[in-house]
Amino acid sequence: MGRLAPLFVIIAAALWGFDGIVLRPALYSLPVPLVVFIESTIVALLLSPIFIRQYSKIKTLSQKDWLAFLGVALFGGAIGTMAITKALFYVNFVNLSIVILIQKLQPVFALSLAGLLLKEKLPKIFFLWAFLAITGAYFMTFGFSLPNFLTGDKTLVAAGFSLIAAISFSSSTVFSKRALRDVGFEMGTYLRFLLSAVIMIVIATLMGDIKTISSVSAYQWMIFLIIAFTTGGAAIFLYYYGLKKITASVATICELAFPLTAVVLEYFIHRNILNPVQWIGVAVLIFSILKVSRINLNNVKS
């Protein structure tokens, strides 16, 4: 199964793309902190049996382990998730191009942090395929056109939130790799959502959003449950299983499956038809991700 580790990260990232295009729009009427709090809490509750079975392992965690998990929860579970949700809400899930563009910067931040904090060393060919992956992702979204930042103030604000999300998720990827050093992916998933829920209940309470939980409709509760079993808890479960066996640098390139999935779903759901140049970008992105995965399997020891 270790040879399939990059595939698990790719599947997880694809699920996040599905979340942004198909599921999260149903939560548009709710405050963002409340959305992230409910999402994190449901998954933490569902995974509580893991805590009961593996409680003894928690007592062996060092201070550095807890700091790593706190970094994961703060940057990935709280700040990053709130920022990307806010960015999507600002563009009303219609003008997604800017949000997706900024997310393509995530590997730049993650590769830098992985080198600085984790001392990951990769062959030079890795950076060639990483560059081609990001280039392919750009052309997949825009073709030969430039991104349009002049569609209104909300687009610029969305771009700002998306940049925050990209930096936060990059940090979370690196912290996650460190956090998983001494625990299995099951306990890692549980601690990520547990600590995120604790952080989010504080934020939602301070923002006054926790009082609006009664406004969540039955349909929205169903969406939260679907997210918990698919694009939320299940996706992180798959992601941590893969990340446990590969480097953070490789994982962040595999995560480009997120914008790939988002653009493809845009085509099928909103009929935003891709032109030939964009389809070439899709092919380059997929090919580059596959090449990065092979580099990990043959040359990189995580």
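**Close-up views of a predicted model**

**View 1. Helix 2, residues 32-46, and its span.** In this predicted model, helix 2 consists of 15 residues and reaches 22 Å from its first C-alpha to its last, which is close to the 21 Å expected at 1.5 Å a residue.

**View 2. The covered residues of helix 2 and the helices that pack against them.** Helix 2 is mostly covered, with twelve of its 15 residues buried. Val32, Pro33, Leu34, Val35, Val36, Phe37, Ile38 and Glu39 belong to this buried set, as do Ser40, Ile42, Val43 and Ala44. The buried residues of helix 2 pack against helix 3 (48-53) and helix 5 (63-90), and also against helix 10 (185-206) and helix 11 (218-243).

View 3. Ile84 is placed in helix 5, one of the helices against which the buried residues of helix 2 pack. Ile84 counts as buried because its relative accessibility is 11%, under the 20% cut-off for that class. Although Ile84 and Ser168 are 84 residues apart in sequence, they are 9.8 Å apart in space, C-alpha to C-alpha.

View 4. Helix 1 (5-23) and helix 13 (257-269) each supply at least two residues of the patch.

Methods: Residues numbered from 1 in each chain as written. Predicted model: local features only at pLDDT ≥ 70, side-chain atom pairs only at ≥ 80, totals over all residues. Heavy atoms only, no water. Helix = DSSP H or I, 4+ residues; strand = E, 2+ residues; numbered from the N terminus. Expected span 1.5 Å × (residues − 1). Buried < 20%, exposed > 50% of the residue type's maximum accessible area, 1.4 Å probe, protein only. Contact = heavy atoms within 4.5 Å.
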